[in-house]
Amino acid sequence: MHTPETPNSPYEAPEGLFGLEEIRTGPAVPVPAGPLFRDSQEARRLLSVQEIHAEPGAAASLRGRQILARFPDADVLPVDSHWRIPQLHGNKGNAERWVRIKSTVLVLGERKTLTVRTNGRSADWIAPGAANGCAMACAYCYVPRRKGYANPITVFTNIERIIARLTRHATDLGPKTAPNQCDPLAWVYDIGENNDCSVDALISENTADLVHAFTRLPTAKASFATKFVNPDLLLLEPRGRTRIRFSLMPPDDSRLLDIRTSPVEQRIAAAGDFVEAGYEVHFNLSPVVIRPGWEHDWGRLLQQMDDVLPRAVKDQAAAEVIMLTHNRDLHEVNMAWHPRAEDAIWRPELQQRKRSENGSWNVRYRDGTKAAAVETVRRLVRTHAPWLPIRYAF
Ligand code: SF4
């Protein structure tokens with residue numbers, strides 16, 4: 001089990017530019033009970049941090065020092081704000097450069113706004129995230145919408161403030177009095193709106209701290225979607241208070257669109273272990289991409305789930321169905337590096353445009369097309385995986 005705040009021997013942090021002596025001598029890195037996946041070659045293929053851009057306050061914090069100690073060979077570069085690192089962010093350059101940035105660069109910042117937002121679809125509430133950005137590179141991902149496609153992971157080091165905010169929010173709410181589609185009993189907080197918490201756990205104990213925090217909140221539950229199987233999460237003790245939502249789509253779609261993620265088969269195979277470890281495991285059937293033969297391939301995926309998932313998973317599972325949404329700016333970015341993906345996800349004859357709050361054009365399937373496709377997915381679930389209730393579909 002991870003012991004996030006356990007004292008350990010001092011360490012030598014990398015030679016940074018902060019001039020902060022305590023960075024060199026301070027605190028403890030959690031002691032793993034055994035070899036961790038995050039130290040494996042497989043994990044390093046996804047993330048091998050060589051450069052850390054850090055706000056001074058973040059670097060000097062407990063979590064920041066732990067992260068700096070974890071990557072002692074990385075160059076450390078001070079930045080005024082994690083929002084403004086022009087040499088990293090944006091859509092300039094090519095995919096090779098973005099992937100290099102995503103896999104070798106980390107940003108440390110402090111989260112300033114700690115707003116808990118209402119949601120009501122996947123979760124009751126959207127928690128202030130403990131990170132944003134992602135080391136993976138799905139072609140349809142909306143996470144880069146603010147920092148650009150080359151955004152590496154920014155870890156927020158003031159995790160104790162995030163947890164304190166969530167604790168206060170859940171405590172003020174009190175018990176959930178009426179069941180809803182998010183959960184019959186608990187208030188559900190999405191802790192991974194703009195990040196993948198499984199990947200974040202390769203870097204720091206933020207995900208572990210959140211999982212543990214929710215074990216102390218009897219009326220609340222954490223929830224996050226993931227496309228990455230991180231076995232280290234099995235070492236935590238979530239005690240049923242964290243819902244992990246493995247995102248699934250037909251493997252052919254995933255190989256085309258889910259760049260750098262764990263294979264779909266691996267995500268399905270992991271579900272039993274996660275239930276056994278004390279997680280609630282749900283599935284995000286998403287995004288559903290309409291292309292020739294899609295119904296057949298979704299039927300096969302659901303049949304595969306029915307064939308291989310253990311009863312313990314089926315007994316507690318539920319699903320969200322989310323039709324693809326896309327974005328014109330992202331389409332243009334993708335055309336420069338992955339036009340084959342756009343053949344599948346940019347289908348103007350099936351899609352309608354809608355201006356988003358930030359002024360860019362989002363596209364989604366036309367109302368009639370989408371309604372028919374949602375009904376098709378519902379029918380496929382009833383046929384192949386009747387044990388899988390659909391919490392919501394849109
Ligand atoms: S795993 Fe999620 S956050 Fe990461 S690139 Fe894919 S869609 Fe975006």
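**Reading the sheet, the core and the ligand shell**

Me: In strand β12, Met323 stands opposite Val288. Which strand does β12 pair with, and by how many bridges?

Reply: This is a predicted model, in which local features need pLDDT of at least 70 and side-chain atom pairs count only at pLDDT 80 or more, while totals for chains, interfaces and linings use all residues. Residues are numbered from 1 along each chain as its sequence is written. Strands (E, at least two residues) and helices (H or I, at least four) are DSSP runs numbered from the N terminus, and two strands pair if DSSP finds at least two bridges between them. Here four bridges join β12 (residues 319-323) to β11, and the two run parallel.

Me: Which strand is joined to β11 by six bridges?

Reply: That strand is β10 (residues 242-248), which also runs parallel to β11. Phe246 has Phe283 of β11 as its bridge partner, and Ser247 stands opposite Asn284 of β11.

Me: What is the order of the strands in the open sheet?

Reply: The eight strands follow the order β4-β5-β8-β9-β10-β11-β12-β16, with mixed pairing. The edges are β4 (117-118) and β16 (390-393); each has a single partner strand, so one side of each is left without a neighbour in the sheet.

Me: Why is β11 described as largely enclosed?

Reply: A residue is buried if 20 or more other C-beta atoms lie within 10 Å of its own, exposed if 12 or fewer, and partly exposed in between, with C-beta atoms placed from the backbone. Eight of the nine residues of β11 (residues 280-288) are buried, so the rest of the structure largely encloses this strand. Ala208, in helix α8 (residues 206-215), also counts as buried because it has 24 C-beta neighbours inside 10 Å.

Me: How many residues form the largest nonpolar core?

Reply: In soluble globular proteins, nonpolar side chains tend to be buried together. A nonpolar core is a set of buried Ala, Val, Leu, Ile, Met, Phe, Trp, Tyr and Cys residues joined through C-beta atoms within 7 Å. The largest one here has 110 residues, and those with the most contacts inside it include Leu106, Tyr189 and Val288. Helix α10 (residues 264-276) gives the most to this core, with six residues.

Me: Which residues surround the ligand?

Reply: A residue is near a molecule if its C-beta atom, placed from the backbone, lies within 6 Å of it. The ligand is surrounded by Cys134, Met136, Ala137, Cys138, Cys141, Val143, Asp196, Lys227 and Thr261.
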